[in-house]
Amino acid sequence: MTKSFLYEKENLTALIIWWLVWMVLQWNMLLIANIPTTIAFTDCVVSFIILFACAWLILNNLRFYLPKKEKYWYVIVVCFVLSLTWSILSQ
């Protein structure tokens with residue numbers, strides 16, 4: 001089992017800042033599109049919580065399962081299914 005990069009404090013801090021920046025950018029884009037503030041904020045938070053959960057699942061999956069060259073299709077399919085799930089749930 002490999003050690004996750006999230007165990008180091010600097011990496012976790014950078015990741016949290018990165019996610020917050022993207023949340024603010026999405027929130028601003030929704031405000032520019034004349035969506036009410038509360039709806040824009042709720043959409044932004046829910047969308048990023050689902051996206052974070054999908055990214056965490058992929059990260060955790062690859063931490064315990066390192067595929068051989070012929071098994072990369074498994075990783076691609078899992079990522080595709082999770083991105084499709086995120087798109088549907090975000091709607």
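Predicted model: local features only at pLDDT ≥ 70, side-chain atom pairs only at ≥ 80, totals over all residues.
I began with the fold: the chain has three helices and zero strands. Helices here are DSSP runs of H or I with at least four residues, strands are runs of E with at least two, and both are numbered from the N terminus. Read from the N terminus on, the order of elements is α-α-α.

Residues are numbered from 1 along each chain as its sequence is written, and side-chain values use heavy atoms, with hydrogens and water left out.

**Entry: burial**

I looked up how much of the chain is buried, and found that buried residues make up 15% of its 91 residues. Buried means under 20% relative accessible area, exposed means over 50%, and partly exposed lies in between (1.4 Å probe, protein chains only).

**Entry: helix 1**

Which residues form a nonpolar patch on the surface? I found I17, W18, V21, W22 and L25, with about 510 Å² of accessible area together. Patch members have over 30% relative accessible area and no salt bridge; like charges are joined within 9 Å, and nonpolar side chains (Val, Leu, Ile, Met, Phe, Trp, Tyr) within 5 Å. A salt bridge would be a side-chain nitrogen of Lys or Arg within 4 Å of a carboxyl oxygen of Asp or Glu. The areas come from the Shrake-Rupley method with a 1.4 Å probe, and for residues only the protein chains shown count as cover.

V21 is partly exposed because its relative accessible area is 43%. N28 also lies in helix 1, and N28 is partly exposed at 34%. I checked N28 against A40, twelve residues apart along the chain, and their C-alpha atoms are separated by 8.3 Å.

**Entry: the loop**

N34 sits in the loop between helix 1 and helix 2. Its phi is near 65°, a positive value in a residue other than glycine. Most residues other than glycine have a negative phi, so I flagged this one. N34 is exposed, with a relative accessible area of 69%.

**Entry: helix 2 and helix 3**

How do the axes of helix 2 (residues 37-64) and helix 3 (residues 72-90) cross, and at what angle? They come within 10 Å and cross at roughly 165°, which means that helix 2 is roughly antiparallel to helix 3. Axes are lines fitted to C-alpha atoms, for helices over the stretch in contact, with angles from 0 to 180 degrees between N-to-C directions. Angles under 35 degrees count as roughly parallel, over 145 as roughly antiparallel, 65 to 115 as roughly perpendicular, and the rest as oblique.

I then took two residues of helix 2, F48 and I49. F48 is buried at 12% relative accessibility, whereas I49 is exposed at 54%.
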